[in-house]
Amino acid sequence: MPPEKTEPAETGPISFDIEPDLTYEIPEETPHIAVDNTGYLIGQEKIAILENCKAGDPFYVVKADTGESVYSGLLEASQTGMVHADFTDLDEAGRYYVWSEDIGASFPFETGEDVYKDLRKEGFRNVKIDSGNTDAACRDLLMYLIADEAGFAAADEEEGKALLETGMKCAEKWLDLNEGTPAMCAALAGMSVASVKTDAAFSGRCLSAARRMENAYLAAHPEDAAGIFLMSASLYRADGSLFDKGRAESFLAAAPEPDLTDENIFYGCAFYLFTRRKVDTLVYERLMKQMTEESSSIAQNDRRSPY
């Protein structure tokens with residue numbers, strides 16, 4: 001016979017003086033197919049990287065809105081040891097995802113003539129050119145000027161005007177200063193070029209302020225070769241001063257391979273390359289070659305990564 005049941009004694013809750021930790025987060029699941037979420041340009045290479053698959057397995061490119069398969073192929077081996085799907089031949093604009101029977105679907109992506117339009121909008125919507133941090137504002141303004149010169153600053157004409165107005169408001173705070181950093185001087189010189197067609201008076205004030213800052217900085221910091229190079233390159237682009245041209249090209253001649261990881265040198269090189277005035281052809285070509293090799297190195301390193 002089983003033992004007779006006895007009623008348990010009444011006791012309070014047992015405590016071990018341990019507080020449970022409920023702050024953990026469930027990790028976000030991501031697909032095992034890596035695609036360019038920004039999108040792919042029509043006529044350009046289109047590659048997706050797949051995990052846990054082998055070369056020769058089939059893959060499909062599917063329309064995101066209808067579920068219709070519009071492209072199929074076989075996975076290929078890559079130097080990284082992972083396999084990739086090449087759907088470069090898919091040149092119809094739309095929204096798609098890559099699908100594999102073994103591992104499912106990728107995140108959706110776009111293909112089109114200008115898939116970077118929304119990215120530019122989002123990126124420059126988040127740039128606070130008029131931020132309270134003066135140094136950050138200078139860097140943001142320099143990034144805007146470089147992107148604007150390259151044609152990537154704004155998604156359309158209306159946004160371009162808005163960005164220019166924001167930059168002008170930022171620069172206006174520095175117009176009466178007698179001293180500043182090389183980045184501020186370069187930003188003012190750049191704004192003098194950017195605003196010359198819309199507000200010639202403002203453009204002139206920007207150039208005058210940049211000149212004052214350059215003179216003060218040259219007197220106070222003659223040892224800062226990188227900072228002086230940035231100011232000289234940006235001011236030569238702005239008004240064609242032969243003194244600035246000579247200083248900029250002397251710096252580049254003394255440094256056959258300038259350190260592009262130094263922001264002053266990088267922005268100075270960019271302003272020198274963007275100038276529409278006469279430059280030293282040999283220096284220009286050497287700098288273009290270095291820029292090309294640097295960007296190729298970045299691209300190659302990126303290709304070695306599965307993501």
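**Strand pairing and a surface charge patch**

In the predicted model, Val-62 stands opposite Tyr-97 in strand β8. Residues are numbered from 1 along each chain as its sequence is written, and the model being a prediction, local features need pLDDT of at least 70, side-chain atom pairs count only at pLDDT 80 or more, and totals for chains, interfaces and linings use all residues. Side-chain values use heavy atoms, with hydrogens and water left out.

Helices (H or I, at least four residues) and strands (E, at least two) are DSSP runs numbered from the N terminus, and two strands are taken to pair if DSSP finds at least two bridges between them. Strands of a sheet pair through backbone hydrogen bonds, in either the parallel or the antiparallel sense.

Strand β4 (residues 58-63) pairs with β8 (residues 94-100) in the antiparallel sense over four bridges. Five bridges, also antiparallel, link β4 to strand β5 (residues 69-74); here Val-62 stands opposite Ser-69. The strands β4 and β5 form a hairpin with five residues between them, and Gly-67 in the turn has a positive phi of about 75°.

An open sheet of four strands has the order β1-β3-β7-β6, with antiparallel pairing. Its edge strands are β1 (33-34) and β6 (76-77), each of which pairs on one side only. Two bridges connect β6 to strand β7 (residues 83-86) in the antiparallel sense, and Glu-76 has His-84 of β7 as its bridge partner.

On the surface, Glu-257, Asp-259, Glu-293 and Glu-294 gather in a patch of negative charge. Patches are made of residues with over 30% relative accessible area and no salt bridge, like charges being joined within 9 Å and nonpolar side chains (Val, Leu, Ile, Met, Phe, Trp, Tyr) within 5 Å. A salt bridge is a side-chain nitrogen of Lys or Arg within 4 Å of a carboxyl oxygen of Asp or Glu. Glu-294 is found in helix α9 (residues 281-304). This residue counts as partly exposed because its relative accessibility is 37%, the class lying between buried (under 20% relative accessible area) and exposed (over 50%), with a 1.4 Å probe and protein chains only.

Methods. Areas by Shrake-Rupley, 256 points an atom, 1.4 Å probe, with all protein chains shown as cover. Lys, Arg positive; Asp, Glu negative; His and termini not counted. Charge placed at Lys NZ, Arg CZ, Asp CG, Glu CD.
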